Amino acid sequence: MTTRGLTERLDAEGVICAEGYLFELERRGYVQAGPFVPEVVLEHPEAVGGLHREFAHAGSDVVLAFTYYGHREKMRLVGKEHLLEPLNREALKLAREVADDYGCLVAGNVCNTNHWGPDDAETQREVRQMYEEQIGWAADAGVDYVVSETNDYYGEAATALEVVKAHGLPAVVTLSAHRDPTLWDGVPVIEAAQRLEQAGAEVVGLNCMRGPATLFGLLGELRQAVSCHVAALPVPYRTDEAHPTFQSLHDAACDCIPGARPFPTALDPFTCNRYEMGAFARAAWDLGVRYLGVCCGGAPHHVRAMAEAWGRRPQASRYSPDMARHAFFGTSGSSSAEVAARNRTRAGEL
Ligand SMILES: [Zn+2]
């Protein structure tokens, strides 16, 4: 299949980039909550490749290499610094294999390091080194572009962008909007996006932390504030004004959650359904957003609903719901009139 570039796709039909690998693979038993290090890339590459395929099947235009938290600091935390390079190279290879099968773009991925100190030149130098090694491996692998995501600090995002640009690659830089949407080095998130656009980012946007309901207002502000393409990758959770981020959600219906905080392992009852994510995708398109995805918590059915909301028919649409043929709730789900009549009676009893 032919692969058109990022900008070409953005200007034409938009780009959908499935994310959420960390949470989905944690749920499936391949990533440990807490450290959240993607050791699965080396230990169970088939699980990573399989999820890449599910997302591409569901309508993702991009296979994002699973190198989120695959940086030196995190590898050191789990005592596997020596596996840093093999892990990154393997993640890029897995992404490439699936992208080639589905005609997708391949993106490299760097993220928040949790090491950056806004006034600490030493940690800033170390973070730059971490980005240089990860982005260097991504460039070696021939990625189409690099995503720098979940940035809590303007300075850290700007550093990642500098390194991506030094490799001559397009950059998608997305920022975290916490309860207070000012980044942790004091730069308001909208201003940070403007500065990143001026520094050469092809796409700027927001990812993680907020669900569709509490991300949308900021997205409108952002779309007005910049002229480059805008990215929106909410978490698929029902955040609200009092609980604007997924970390702030509280589950009054359950008293058995360790630590009483649903984040990050007990968020299930807050999950947005596919229709909510589809509605968000449509509204984002109307706002002018052309780079769309789902972050932590996202699953293939969300991606398919968002792709369909943009008028697409991904391979998985072959299995999209057809309730007209449901035995009890449909109009043509039975092979005989007598059976259909009986089932309609049963439907009323369900
Ligand atoms: Zn996330």
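Modeller: Two strands pair if DSSP finds at least two bridges between them. Helices (H or I, at least four residues) and strands (E, at least two) are DSSP runs, numbered from the N terminus. This is a predicted model, in which local features need pLDDT of at least 70, side-chain atom pairs count only at pLDDT 80 or more, and totals for chains, interfaces and linings use all residues. Residues are numbered from 1 along each chain as its sequence is written.

Biologist: Which residue in β3 stands opposite Val62?

Modeller: β2 and β3 (residues 105-111) run parallel and are joined by 3 bridges. Leu64 stands opposite Ala107. For Val62, the residue opposite in β3 is Leu105.

Biologist: In what order do the 8 strands of the open sheet stand?

Modeller: Strands of a sheet pair through backbone hydrogen bonds, either parallel or antiparallel. Here the pairing is parallel, and the order is β1-β8-β7-β6-β5-β4-β3-β2.

Biologist: Why is one side of β1 and of β2 left without a neighbour in the sheet?

Modeller: The sheet is an open one. β1 and β2 (62-64) stand at its edges, so each has a single partner strand.

Biologist: What is the average twist from one strand to the next?

Modeller: Angles run from 0 to 180 degrees between N-to-C directions, and axes are lines fitted to C-alpha atoms, for helices over the stretch in contact. From one strand to the next, the twist averages 25°.

Biologist: How many of the residues of β3 are buried?

Modeller: A residue is buried if 20 or more other C-beta atoms lie within 10 Å of its own, exposed if 12 or fewer, and partly exposed in between, with C-beta atoms placed from the backbone. In a regular strand the side chains alternate between the two faces of the sheet. In β3, Leu105, Ala107, Asn109 and Cys111 point one way and Val106, Gly108 and Val110 the other way, and all are buried. The count of buried residues in β3 is 7 of 7.

Biologist: What is the bridge partner of Cys111 in β4?

Modeller: β3 pairs with β4 (residues 145-151) in the parallel sense over 5 bridges. In β4, the partner of Cys111 is Glu149.

Biologist: Is Asn114 exposed, partly exposed or buried?

Modeller: Asn114 is found in the loop between β3 and α7 (121-140). Its phi is near 60°, a positive value in a residue other than glycine. Because Asn114 has 13 C-beta neighbours inside 10 Å, it counts as partly exposed.

Biologist: Which elements do the buried residues of α12 pack against?

Modeller: Helix α12 (residues 300-309) has 9 of its 10 residues buried, among them His302, Met306 and Glu308. Contact here means C-beta atoms, placed from the backbone, within 7 Å. The buried residues pack against β1 (15-18), α4 (45-58), α11 (274-287) and β8 (291-294).

Biologist: How is α4 oriented relative to α12, roughly parallel or roughly perpendicular?

Modeller: The helices pack with their axes 8 Å apart, at an angle of about 25°. Angles under 35 degrees count as roughly parallel, over 145 as roughly antiparallel, 65 to 115 as roughly perpendicular and the rest as oblique. That angle therefore makes α4, relative to α12, roughly parallel.

Biologist: Which residues in α12 do Glu54, Phe55 and Ala58 meet?

Modeller: Glu54, Phe55 and Ala58 lie in α4. In α12, they meet Pro300, Val303, Arg304 and Ala307.

Technical notes
Two residues are in contact if their C-beta atoms, placed from the backbone, lie within 7 Å.
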